[in-house]
There are 2 protein chains.
Amino acid sequence: MPRTKRVPTIHDVAAAAGVSVTTVSRVLNNKDDVAPETFQRVLDVIHELGYASSLAARSMRSRRTRMIGLITPNMDYPFAIEVIKGVSRAVTDAGYDLIACTSAYKTESTVERWEQQQVARLNGTITDGLIVVVPRAHVFRTAFPLVAVDPHHRDTSYPAVVADNYAGARAAMEHLLGLGHLRIGYIGGRAGLQSARRRQKGYEDALCEAELPIDPDLIMEGDYTYESGRECARQLLTLAQPPTAIFAANDESAFGAIDAARALGLRIPDDISIVGFDNIPESASTVPPLTTVDQTIRVMGREAVRILIDLIENRPLETNLVQVPTSLVVRSSARRIR
Amino acid sequence: MPRTKRVPTIHDVAAAAGVSVTTVSRVLNNKDDVAPETFQRVLDVIHELGYASSLAARSMRSRRTRMIGLITPNMDYPFAIEVIKGVSRAVTDAGYDLIACTSAYKTESTVERWEQQQVARLNGTITDGLIVVVPRAHVFRTAFPLVAVDPHHRDTSYPAVVADNYAGARAAMEHLLGLGHLRIGYIGGRAGLQSARRRQKGYEDALCEAELPIDPDLIMEGDYTYESGRECARQLLTLAQPPTAIFAANDESAFGAIDAARALGLRIPDDISIVGFDNIPESASTVPPLTTVDQTIRVMGREAVRILIDLIENRPLETNLVQVPTSLVVRSSARRIR
DNA sequence: CTGTTAGCGCCTTCAC
DNA sequence: GTGAAGGCGCTAACAG
């Protein structure tokens, strides 16, 4: 790349068109009080120079930028990707621009501060509103619209979009119970996590309703990772009385559980049934394809955008918590007990 | 959201810490000429207020932002998503921040101008360098580093990362030829597209080398979409002498071709073999799983970042065009001819 | 209809 | 070691 060419500013355009910067600004913002002829001349110069107003400078002065920001600690994991897909489409459909941000320089212990910093950096200057994916913080200090997707906590000061975790877990359990399973293991997420708690409640209530005991030995606390899924499953399957089915509270840990079962020489679903939660794209292509709960992550992204734009455009919010319905996707990782 | 709280500025921090904004700025940028005690006090206030310097304001003044931008017309299609995954990881590993941007307001006829505008908007202010995904333009007017992933054209003024399209197509064809197919249909992308041209060349050269004729009836120009794949396949399969195999130049059109074959009552791979190109995640979970050419899109993203950072940090570039190798992934959509 | 003026929040000289 | 002043590129009053 030649690094010589200076990128043209509004001054260059003004000079070339023989008008003041104000006039150029008016053209840029489609104000109607410019003579058609002047308007066209400025437009021509803009095209000729390949000029576009600097996002930074523009953001500093104008209250509205028509940009929506998305913050995620990482764009390399399935949940975030699915949210981004949904958000991307909804944002452009609404005529806004999207800027999705990640950054380095954060550790497990500093995420909350990192989240707040990202919010402060963007909101009110670059973006008109923000979507935060799986935020840890209860509260964000910002004067501008902000919506969360699947926050860690339940009582947040900001509006949030979540899956109907409870109903999804119930559906998964009813599927397993319907297949005749009586001893069903559970691999959860960290207890601090709202989604994990709701899913576990679904697990327990389903057992209660079926008048089955809740056996603490069958309930493992993992952390939604592949590794924790594998380790928890290993423990469950080596119990004196192992379960005949496992409900893992997310797909990644279900994959780990599948791995652990295999390592113990168990066939899936013949020897052990496994059901997940999330329906990430990968779950369709594992062997066997995973029966799981679809939480339509894209829809969550779309809903977040809808709420955010309502907020930005000052329309009243009907609710602070949108629950997106879940549905069971039956594939081949669970079968009727022999 | 309470929309009352103003987001704190450097002035608020300065006031609260009892120093000047200059001092706060020095702390923010880790300059060493601040008394340790002052430094700490300012830091404390920053945390307490949840302050972070506005990206817009900072971008306007400082030359380096440690942000890398990515521009794509859309984040809701598999190729872009895969690039983003690779880029995201590489960028954070390198200690930079990533901002990925899309916007509405562009049509088929205005993409080139749109691309240029995005570049002008970001580069040199918000971002230190830019990655453009599948750019149409030959040239970008920018004084700052820019790298393309899979550009439309071959001779670009900017460095680019591409897959080894030719070798990939050859591999796909040699697979089909090895399975005994003699009449192989081809569904390409638009002729203006560099990747489409290279893949078609691979198709033709493979036939030549096998001393098979190149039958124009068997060569269809599509546009890499599902619909065009379906339509092209329909035409191929209703030929007087239909092919026994189809090589589609990308996975999406291969999916369309599968659809068309089914609609005609053909079984895959028993009646017709189909091979794709891309190896997007979906291709593993179609029925049957698609035999395709893996162009390791993530690696392309990673390479783009590597080059870009070299450029940003003024290291010399060894080459202007990085070719990422491709490899055939054999699944179940192609079989030996009966 | 158009231009002049005054900042937005920050970083960079240059004083002290 | 610290602060005051100026300006980055742009938009929003206010004049004319």
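Let me start with strands S3 and S4 of chain A: in this predicted model, strand S3, which covers residues 129-133, and strand S4 pair in the parallel sense over four bridges. If you look along S4(A), you will find that Ala148(A) is the bridge partner of Val132(A). The strand S4, residues 146-149 of chain A, also pairs in the parallel sense with strand S5, residues 160-163, this time over two bridges, and there Ala148(A) has Ala160(A) as its bridge partner. As for the side chains of S4(A), Leu146(A) and Ala148(A) point one way, while Val147(A) and Val149(A) point the other way, and all of them are buried.

Now please turn to chain B and its strand S5. S5(B) pairs in the parallel sense with strand S4 of chain B, residues 146-149, over two bridges, and Ala148(B) stands opposite Ala160(B). S5(B) is also joined to strand S11 of chain B, residues 321-324, by four bridges, and these two strands run parallel; here Ala160(B) stands opposite Leu321(B).

Next comes the relation between the two protein chains. Chain B is superposed on chain A by a rotation of 180° with 0.1 Å of shift along the axis, and the RMSD is 0.3 Å. That is the relation of a two-fold axis.

Where the chains meet, 55 residues of chain B are in contact with 55 residues of chain A. On the side of chain B that touches chain A, the elements giving two or more residues are H4, helix H5 (78-93), strand S2 (97-103) and helix H6 (111-122) of chain B. The largest share, seven residues, comes from S2(B). By class, this side of chain B has 28 nonpolar, 17 polar and ten charged residues. Why can we say that the copies meet through the same surface? The reason is that 98% of the interface residues of chain B are also interface residues in chain A. You can follow one part of this meeting in the strands, where S2 of chain A, residues 97-103, and S2(B) pair in the antiparallel sense over seven bridges, with Leu98(A) standing opposite Thr102(B).

I come now to the DNA. Around DNA strand C there are 24 residues, of which the closest are Thr22(A), Thr9(B), Ile10(B), Ala57(B) and Arg61(B).

DNA strand D is surrounded by 26 residues, and the closest are Ile10(A), Ser25(A), Ala57(A), Arg61(A) and Ser20(B). Here helix H1 (10-17), H2 and H4 of chain A, together with H2 and H4 of chain B, each supply at least two residues.

I will finish with some details of the backbone. Most residues other than glycine have a negative phi, and most peptide bonds are trans. In chain A, however, the peptide bond from Ile268(A) to Pro269(A) is cis, with omega near 10°, and Pro269(A) sits in the loop between H10 and strand S9 (273-278). A cis peptide bond also joins Val287(A) and Pro288(A), with omega about -10°, and Pro288(A) is in the loop between S9 and strand S10 (291-294) of chain A.

In chain B, Arg66(B) has a positive phi, near 55°, and lies in the loop between H4 and strand S1 (67-71). Asn279(B) also has a positive phi, near 55°, and its place is in the loop between strands S9 (273-278) and S10 (291-294) of chain B. Are these residues buried or exposed? Arg66(B) is partly exposed, because 16 other C-beta atoms lie within 10 Å, whereas Asn279(B) is buried, because it has 25 within 10 Å, and 20 or more count as buried.

Methods:
Residues numbered from 1 in each chain as written. Chains lettered and ligands numbered in written order. Predicted model: local features only at pLDDT ≥ 70, side-chain atom pairs only at ≥ 80, totals over all residues. Buried ≥ 20, exposed ≤ 12 C-beta atoms within 10 Å, placed from the backbone. Pairing = 2+ DSSP bridges. Least-squares fit on C-alpha atoms with pLDDT ≥ 70 in both. Contact = placed C-beta atoms within 7 Å. Near = placed C-beta within 6 Å. Nonpolar A, V, L, I, M, F, W, Y, C, P; charged D, E, K, R; others polar.
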